[in-house]
Amino acid sequence: MRRLRWVHAVGLAAGLVLQTFAGAAAADAPKVKPRYASCGDAAPEFIQAAKKNAETLDTMEWVPFGIPEIGWETYAPLAAREIGTTCGFGTPAFAQALAGFQARFNLPADGVFGQDTFQVFKGVWQERRPFVMARAAGLCPDGPARTELAALPKEEETFEREDRALRADVLDAYRRMVAAARRDLPSLRDDPKLLTLFSGWRDPLDDLFRCAVDGGCDGARRAMCSPHRTGTAIDLNLGWAPDHGADSTNPVNRLHQTRTEAYRWLVKNAARFGFVNYVYEPWHWEWVGESAASATHAAAAAD
Ligand SMILES: [Zn+2]
């Protein structure tokens, strides 16, 4: 009984934090261990699923991208957006929305997040990326003609690295998106480097050369056909965890980035500007144009 009361108290405290995921866990906020918390109206049968999700959020041992990871919080903001809830990841409302998603894709609609459900999320997200679909068909999309590229002034939106070009229409969309983010998030004005680009269009030959010199590109294979060749992929500075870099795939770094206000804003708003995220890399977004709208359609209830 004593323990139950303690859990309940923690649940209430967590509930304040988890009322909306958008407001939860700013970049440097101390981590509040999410537990069962109430948000919105949900059918009582999802309480157990909510407790399970709250438990596994930072404990589930699984292999979402070929290497073992613990917990699924890194992927939770995009998942919440997809299923159209702003309730915390450990709430019955989240579980109920998740069950709706599962039912749509013929999964057991139990509202419990797991590897099978994630595989479906991943498929849905990857299908929004024409580049990924082309690769799946064995193709490597051509890059734009040089005349379609627009250069970024070095001092303007770039972040330390040398790539300073995007397809002109994508650069325009990127600028409009960042301007909107800065209007919505006063905190961004304190750090003008946030949401600046650290990679845009990349010449495939440069990629190949860099991989040969620096390594770390999964051999030359990936570099030979990187989405950055299209001039529609952007790498955005979201900050980084201590001892990591802006594009470190270390799980600690990716979790840190997905907790930032800037990332949460992108999850909610980037589709309006035609951008979708590659879920394994919080910093990597691709302009896909109107097909991004299918993301906002699913999430319309969350606005
Ligand atoms: Zn990238």
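**Close-up 1. Lysine 51 sits in helix H2.** In this predicted model, lysine 51 belongs to helix H2, which covers residues 47–56. Is this lysine buried, exposed or partly exposed? Lysine 51 counts as partly exposed because 18 other C-beta atoms lie within 10 Å, while a buried residue would need 20 or more. Look also for alanine 95: lysine 51 and alanine 95 are 44 residues apart in sequence, and their C-alpha atoms are 9.3 Å apart in space.

**Close-up 2. Helix H2 packs against helix H4.** Here H2 meets helix H4, made of residues 92–104. The two axes are 8 Å apart and form an angle of about 100°. H2 and H4 are therefore roughly perpendicular to each other, since angles of 65 to 115 degrees fall in that class. Which residues meet in this packing? From H2 come Ile47, Ala49, Ala50 and Asn53, and from H4 come Pro92, Phe94 and Ala95.

**Close-up 3. The largest nonpolar core has 60 residues.** Phe94, Leu98, Tyr174, Met177, Ala262 and Phe275 are the residues with the most contacts inside this core. The core draws at least three residues from each of two domains, domain 1 (2–127) and domain 2 (139–302). In soluble globular proteins, nonpolar side chains tend to be buried together. For a look at one member, take methionine 177: leaving aside neighbours within four places in sequence, methionine 177 is in contact with Ala270, Phe273 and Phe275.

**Close-up 4. Helix H11 is mostly covered.** This helix spans residues 251–258, and six of its eight residues are buried. You can find the buried ones by name: Asn253, Arg254, Leu255, His256, Gln257 and Thr258. What covers them? The cover includes helix H3 (76–83), helix H12 (261–269) and strand E8 (281–287).

**Close-up 5. Four strands form an open sheet.** Follow the strands in the order E5-E6-E8-E7, with antiparallel pairing. At the edges are strand E5 (197–199) and strand E7 (275–278), each pairing on one side only. From one strand to the next, the twist averages 40°. How many bridges join E5 to strand E6? Two bridges link E5 to E6 (residues 233–236), and these strands run antiparallel.

Note on methods: Residues are numbered from 1 along each chain as its sequence is written. This is a predicted model: local features need pLDDT of at least 70, side-chain atom pairs count only at pLDDT 80 or more; totals for chains, interfaces and linings use all residues. Two strands pair if DSSP finds at least two bridges between them. Axes are lines fitted to C-alpha atoms, for helices over the stretch in contact, and angles run from 0 to 180 degrees between N-to-C directions. A residue is buried if 20 or more other C-beta atoms lie within 10 Å of its own, exposed if 12 or fewer, and partly exposed in between; C-beta atoms are placed from the backbone. Two residues are in contact if their C-beta atoms, placed from the backbone, lie within 7 Å. A nonpolar core is a set of buried Ala, Val, Leu, Ile, Met, Phe, Trp, Tyr and Cys residues joined through C-beta atoms within 7 Å. Domain bounds come from an automatic or database domain assignment. Angles under 35 degrees count as roughly parallel, over 145 as roughly antiparallel, 65 to 115 as roughly perpendicular and the rest as oblique.
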